[in-house]
Amino acid sequence: MLNIFRGLLLLLLACVGTAHAADTGWLTSPQNDHAKIRFQAERGQDRLYGLLTVELQSGWKTYWRSPGEGGVAPEIHWKNGEKAQWYWPVPSRFDISGLTTQGYHNRVVIPMIITGNPGDVLDGTLTLSTCSNVCLLTDYPLHLDFNQPVDGQFQDAFEQAMRTIPAEKGISEDLAAHLEGDRLVITGTTAGTWRSPEIYFDPMDGGIIPGDPSIKMHGAELVVSAPVTDEWGEKPATLAGKTLSFVLTSDGKAQQTTLTVGADQTANAPDAASVSIMQMLLFALLGGFILNLMPCVLPVMGMKLSAVLHAGSDTRSIRLRFLATSAGILVSFALLATMVTALKLTGAALGWGIQFQNPWFIGLMVAVTFIFALNLFGTFAVLLPSSMVGRMATAGGNGMLGSFFEGMFATLLATPCSAPFLGTAVAFALGAPLQDLWLIFIALGIGMAIPWLLVALLPKTAALLPRPGRWMAMLKTILALMMLASSLWLASLLSLHLGDRVSDMVILLLAIVALVAVLFTGPRSGASFYLAVILLTGLGGYQLRGLIQSPSASSTEASADIRWQPLSEAAIDQALAQGKRVFVDISADWCVTCKVNEMRVLNQPEIVAALNAPDVVALRGDWSKPSASIAAFLQKRNRYAIPFNEIYGPGQPEGEILSPLLDQQTLLAALKHAKG
């Protein structure tokens, strides 16, 4: 219908030989030097044809008819009560501070038809909202005199503007919508293949506003999913029967669609959810199990190995200690689930390992790991009251409490690591209902406890270890050095909050205290003693030399040969618009897996050369400190753990998320595929 009307409209314009045009010329405002506007109009037989042109400076925008989660659409108040039908060109989407808005940048021409009888003069006031880092609401007085001679190119300009208006068909005649959980889902097919589709929503009845959409396509099939909330921010009870209006684009074409939302599909959700939760529980078990192999947990594994060696052949003691460690792991994951539940209920940011963004937590972990290291060096032994020792011995051994806390400690050290399968399970848990969240976290705990439970069930496996001897002193020293290394690494994270100098001085102090403790209170014989002294002396000297010469290098120097740019949605859109490929990397100083990826993959010459190619843009986000924009970026992609890597390009416009553990060949293949 719109196409027929548009054709008749252009025909009428061509036939009006005695038409009179008027032009305000370019108008500016002293309150807003970032925009200028122009309004032109021409009289027909019983109506006026108008053109509003807005030109904006770089970095500024104005709004579409439906601004989205913020903003005000342009509006004209006519002096004599004339009415105008606006025809809106296809907008763009802007994501700023977690809000999604729809509008225009640079230049937009909006045609309109005005009804009424203004005579020879048309007067009105345009109210225009323009935004950058701030927003300005500016009024422009419009005065058009149809008796004044003007440029005769109005008809051509009006016809050209009308060609930018979305048609009522041309992309898909097979579109349907329904509510699924708390998301509006739109499905459709097209003749051929979808190419860079976008969708722009109008508000629905009841103040319901669809949020930032997720668009997935496969050949001719398209699935759009967008969160929906009412004006109070609550999930709507139903959308069935409501009218949905939106503009859909693909391959340079645009289509205005209005349809009725179908029946909600929440009734079918339990079957799909049961399959999904079973799959996620398996991922959680595998992810928790693999955490034992990550470098974060190795020192605690070493401590437990030392305990087994001291236990000798006492199978009952071994069983009880490993059961206590397993209980510590399970209790820790239950506490993590409680914390995440509280964060979800309060609307706070969620993420796996985000407690390492807190300097007080880091300081506590530095102290605990350092005390454990000194204990392993033999500097001191933790002595409990005799009554408590008696009760613990009666319960099955005086190492039970320590084993329990070893399990809790191992869980805390595991949270900076995002092992394979773990990221998927955690992402599902953080976005799932509370009962599913608890199931996932308990499964993670069981998965991590599997090796410990295995030894508890089969204590005779400890007999496979060599018999106790002098070599145990060397092993204990190595375990102490591993724990001390964990403490020093944690201390280096304080540089983000206290500065490099303070962090380096803390590391130097810890090294000196450990050296003094070994020299004056530890065992003074054997190769283990000399190994500890040499390594601690070398560490102290190296740290002191660095403090004298220059501040310690920050983590941002990793992968320094890659030309990193700040991460943002706008940077991705701009690169794609230029036909470039995009590599996204989100990491943090406290993320051990991120450092492994840097050393094994991102620092390799072949990868550096690929990411520095002229058609590749490398974007990096640093989550070492809390960042609302990075949290929103991850949440939009249903991810809550790092490392996070994603690749975009002409051949992969929707993005391809890579495994947490990067691989050179996989990364290069993904970059090649993204080129198209």
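## Before you start

What you're looking at is a predicted model, where local features need pLDDT of at least 70, side-chain atom pairs count only at pLDDT 80 or more, and totals for chains, interfaces and linings use all residues. Residues are numbered from 1 along each chain as its sequence is written, and side-chain values use heavy atoms, with hydrogens and water left out.

An unreviewed UniProt entry carries the annotation "transmembrane region" for several stretches, including residues 280-301, 322-340 and 437-458. UniProt positions are given here in the numbering of this model, feature names are shortened, and annotations may be inferred rather than shown by experiment.

Take residues 322-340: the span is 100% helix and 0% strand, and its end C-alpha atoms lie 27 Å apart. Residues 437-458 are 95% helix and 0% strand, with 31 Å between the end C-alpha atoms. Helices (H or I, at least four residues) and strands (E, at least two) are DSSP runs, numbered from the N terminus.

## One disulfide

There's one disulfide in the structure, meaning a pair of cysteine sulfur atoms within 2.5 Å. It joins C131 to C135, with 2.0 Å from S to S. The link of C131 and C135 is right-handed, at 115 degrees about the S-S bond.

C131 counts as buried because its relative accessibility is 2%. The cut-offs are under 20% relative accessible area for buried, over 50% for exposed, and partly exposed in between (1.4 Å probe, protein chains only).

## Salt bridges

The whole structure has 14 salt bridges, each a side-chain nitrogen of Lys or Arg within 4 Å of a carboxyl oxygen of Asp or Glu. In one of them, R43 meets D120 at 3.3 Å, N to O. R43 sits in strand β3 (residues 32-43) and D120 in the loop between β10 (107-115) and β11 (121-131), so this pair ties together parts that are 77 residues apart in sequence. Both are partly exposed: R43 has 21% relative accessibility, and D120 has 37%.

E55 and R107 also form a salt bridge, at 3.1 Å from N to O. E55 belongs to strand β4 (residues 48-56) and R107 to strand β10, so the parts they tie together are 52 residues apart in sequence. Then there's R163 with E159, whose closest N and O atoms are 3.8 Å apart. Salt bridges that share partners also join K36, E55 and R107 into one network.

## A buried threonine

T249 is found in strand β19 (residues 243-250). With 11% relative accessibility, T249 counts as buried. Leaving aside residues up to four places away in sequence, T249 touches V90, I171, S196, P197, E198, Y200 and A254; contact here means heavy atoms within 4.5 Å.

## A five-stranded sheet

Five strands make an open sheet in the order β21-β23-β22-β24-β25, with mixed pairing. Its edge strands are β21 (564-566) and β25 (652-657), each pairing on one side only. From one strand to the next, the twist averages 25 degrees. Strands β21 and β23 (residues 616-622) run parallel, joined by three bridges; two strands pair if DSSP finds at least two bridges between them.

Helix α18 (residues 628-636) packs on the sheet and touches β22 (581-587), β23 and β24 (644-649), its direction making about 115 degrees with that of β22. Helix α19 (residues 664-675) packs on the sheet too, touching β22, β24 and β25, at about 30 degrees to the direction of β24. Axes are lines fitted to C-alpha atoms, for helices over the stretch in contact, and angles run from 0 to 180 degrees between N-to-C directions.
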